[in-house]
Amino acid sequence: MRLGMKSRLAVALLMSSALAGAASGQGQQADVLITGGTIYDGSTAKPFTGDVAIAGDKIIYVGPKAAVTAKRTIDAHGMIVSPGLIDAHTHSDHFLDSPDKAQRSNAAWTMQGVSTVFLGIDGNGTPDLKAKFAKYSAQGIGTNVVSYVGFGAIRQAVIGDAARAPRPEELAKEQARVVKGMCEGAIGLSAGLFYAPQNFAKTDEVVALAKEAGKRGGIYDTHQRDETTYSIGLINSTKEVLQIGREGGLPVHFSHIKALGHDVWGKSGDVIKLINDARAAGQNVTANNYPWLASHTGLDAALVPRWASDGGDAAMLKRFDDPALMKKIKGEMAQNLDRRGGAQTILLTSGESDSGKANAAPDKPWTGKYLSAIAKEWKVDPLDAAIRILRETGGKASVVSFNISEPDLENFMKQPWTVTSSDGGPGHPREYATFQTKYAIYVKQKHVIDTGFFIRNSSGLTADIFKLDRRGYLRNGYFADVLVFDPARYVPKADYIHPAILSQGVQELFVNGVAAVDNGKPTGAVAGRPLPHTPTAGTCR
Ligand SMILES: [Zn+2]
């Protein structure tokens with residue numbers, strides 16, 4: 001069929017508007033035009049070569065050749081253009097809360113292409129979210145922020161560090177704090193039942209609080225009670241999470257899902273089956289994972305039995321002084337060290353850990369050394385070395401612990417319901433290098449996932465799971481969180497010994513239309529915004 005010039009033009013225009021989702025944007029004035037890049041829009045759609053235009057804080061065009069005039073044009077030939085990436089689990093507070101604007105620009109994350117980070121994870125989120133978000137808006141932050149209200153923060157405030165159930169009036173107080181957090185914009189309730197004092201809670205207490213989050217449209221996010229064989233075991237712990245979701249009446253999200261330690265290596269298939277069965281039965285279950293074989297946690301959380309933490313760090317250190325108790329603690333520490341793979345798998349880091357929180361701390365003589373090497377240096381048993389470090393840090397030393405098997409990691413990563421997280425905090429390279437590491441190793445080197453899966457499961461899918469308003473996709477009218485990266489140069493630079501080196505390969509990153517990374521360098525811009533969740537209508541006064 002031959003078409004006249006006019007009809008061909010009409011067909012071309014129709015096609016371009018269909019690809020663009022809408023014809024709007026064409027003919028308009030843009031601030032930024034990104035041209036000729038390979039566009040992955042955050043969905044499962046195939047990539048295509050085209051243009052993205054930004055005006056103010058919004059995307060005004062996505063499609064083939066844009067007919068817009070722009071103040072600035074970026075040639076993206078050979079580059080990938082995608083939504084700004086979303087990191088579903090971070091300990092980035094130490095940057096975002098800093099009085100220093102350069103720190104708040106959050107370059108560790110923007111240089112990975114991340115435009116939105118999640119906070120308040122592992123049970124750490126404050127219920128006073130309105131004040132936290134107001135501070136972020138007033139001072140400026142480099143990335144957008146989503147936050148949970150945390151079970152740990154709440155239990156600590158109401159019950160302290162005691163290993164007991166809440167009294168009825170205490171449970172009511174805990175629930176009130178969940179309501180406060182949810183009504184001030186929390187995305188849901190996070191918990192870290194692995195950690196003391198959260199570990200002292202039984203399932204029913206968590207369900208009672210999860211219900212309050214669920215009523216307000218929240219999700220339950222968890223660092224589950226046991227990722228190995230510490231207490232109830234990985235499988236029972238997974239079942240507990242699913243139970244909390246069912247009885248709490250809300251979606252559940254497993255954070256940094258893993259099979260930790262040789263006792264449970266190979267069990268990823270069993271965990272995945274439990275989740276797939278629950279999903280098939282209609283339950284809303286998702287997860288995030290990170291592309292690292294080593295986790296990062298407190299030395300106390302890794303080795304010291306939970307009963308010894310009843311009452312907090314000071315009480316734990318006091319128990320160390322009682323020879324009979326110390327003997328019992330050391331016996332259990334030996335088992336825990338074996339679970340994780342021995343002293344040669346435990347690397348002491350520069351971070352300071354407080355039950356799942358990671359804070360920056362000055363280097364110590366043991367920083368960057370394995371527990372086995374320190375023990376040798378001090379001519380003591382590794383357990384005695386660990387106890388000495390705990391004493392000298394008031395119980396707050398942190399460790400990188402190599403305890404994950406490659407097949408399990410890949411198995412979890414491949415699932416269509418798993419999104420990317422870094423769990424990044426000071427002392428582990430995942431803070432600076434998670435997304436590049438995932439791309440370099442699991443997309444390009446091992447082909448476990450492809451580029452489209454990597455991008456979708458780090459942007460659009462994450463936005464869908466958490467119902468983020470107009471984020472996670474390159475679409476007309478969406479917020480202009482836009483990443484341009486060079487696939488040939490998108491590589492990590494940080495490693496376990498030098499964990500704080502900026503990654504490479506991000507050419508441009510726009511956050512709400514403002515360049516956070518420009519020409520491969522962080523700009524120091526603080527155009528990020530808090531993204532408060534809107535609670536279900538009528539559930540907050
Ligand atoms: Zn965690």
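Reply: There are 4 cavities of 30 Å³ or more. A cavity here is a set of points on a 1 Å grid over the protein atoms alone, where a 1.4 Å probe fits but cannot get out. Grid points are joined across faces, edges and corners, and a volume is the space filled by probe spheres set on the points.

The model is predicted, so local features need pLDDT of at least 70 and side-chain atom pairs count only at pLDDT 80 or more, while totals for chains, interfaces and linings use all residues. Residues are numbered from 1 along each chain as its sequence is written, and side-chain values use heavy atoms, with hydrogens and water left out.

Take the second largest cavity. Its volume is about 80 Å³. It is lined by 13 residues, and those closest to its centre are Tyr 195, His 223, Glu 227, Lys 258 and Thr 297. A lining residue has an atom within 4 Å of a point. By class, the lining holds 4 nonpolar, 5 polar and 4 charged residues. Ala, Val, Leu, Ile, Met, Phe, Trp, Tyr, Cys and Pro count as nonpolar, Asp, Glu, Lys and Arg as charged, and the others, Gly among them, as polar. Strand 14 (residues 294–298) gives the most to this lining, with 3 residues. Strands (E, at least two residues) and helices (H or I, at least four) are DSSP runs, numbered from the N terminus.

Next, the backbone at Ala 196. A cis peptide bond joins Ala 196 and Pro 197, with omega about 0°. Most peptide bonds are trans. Pro 197 lies in the loop between strand 10 (188–192) and helix 8 (203–215). Ser 309 is 113 residues from Ala 196 along the chain, yet their C-alpha atoms are separated by 6.6 Å. Ser 309 belongs to the loop between helix 11 (299–303) and helix 12 (313–320). Its relative accessibility is 11%, so Ser 309 counts as buried. Buried means under 20% relative accessible area, exposed over 50%, and partly exposed in between (1.4 Å probe, protein chains only).

Most residues other than glycine have a negative phi. Asp 122 has a positive phi, near 60°. It sits in the loop between strand 7 and helix 5 (129–139). Asp 122 is buried because its relative accessibility is 1%. Asn 512 also has a positive phi, near 50°. Its loop runs between strand 20 (506–511) and strand 21 (514–518). At 4% relative accessible area, Asn 512 is buried.

Two strands pair if DSSP finds at least two bridges between them. Strand 6 meets strand 7 (residues 114–119) through 3 bridges. Leu 85 stands opposite Val 114.

Strand 2 (residues 48–55) has antiparallel partners. It is joined to strand 1 (residues 29–39) by 6 bridges. Ile 39 faces Phe 48 there. A further 5 bridges join strand 2 to strand 3 (residues 58–63). Ala 53 has Tyr 61 as its bridge partner. Strands 2 and 3 form a hairpin with 2 residues between them, and Gly 56 in the turn has a positive phi of about 60°.

Last, the covalent link. The structure holds 1 disulfide, a term for a pair of cysteine sulfur atoms within 2.5 Å. It joins Cys 183 to Cys 540, S to S 1.9 Å. The pair links distant parts of the chain, 357 residues apart: Cys 183 is in helix 7 (residues 168–183), and Cys 540 is in the segment after strand 22 (521–522). The link is left-handed, with -85° about the S-S bond. Cys 183 counts as partly exposed at 28% relative accessibility. Cys 540 is partly exposed too, at 26%.

Notes: 1 Å grid on protein atoms, 1.4 Å probe; cavity = no way out; pocket = protein on both sides within 12 Å on 5 of 7 lines; lining within 4 Å.
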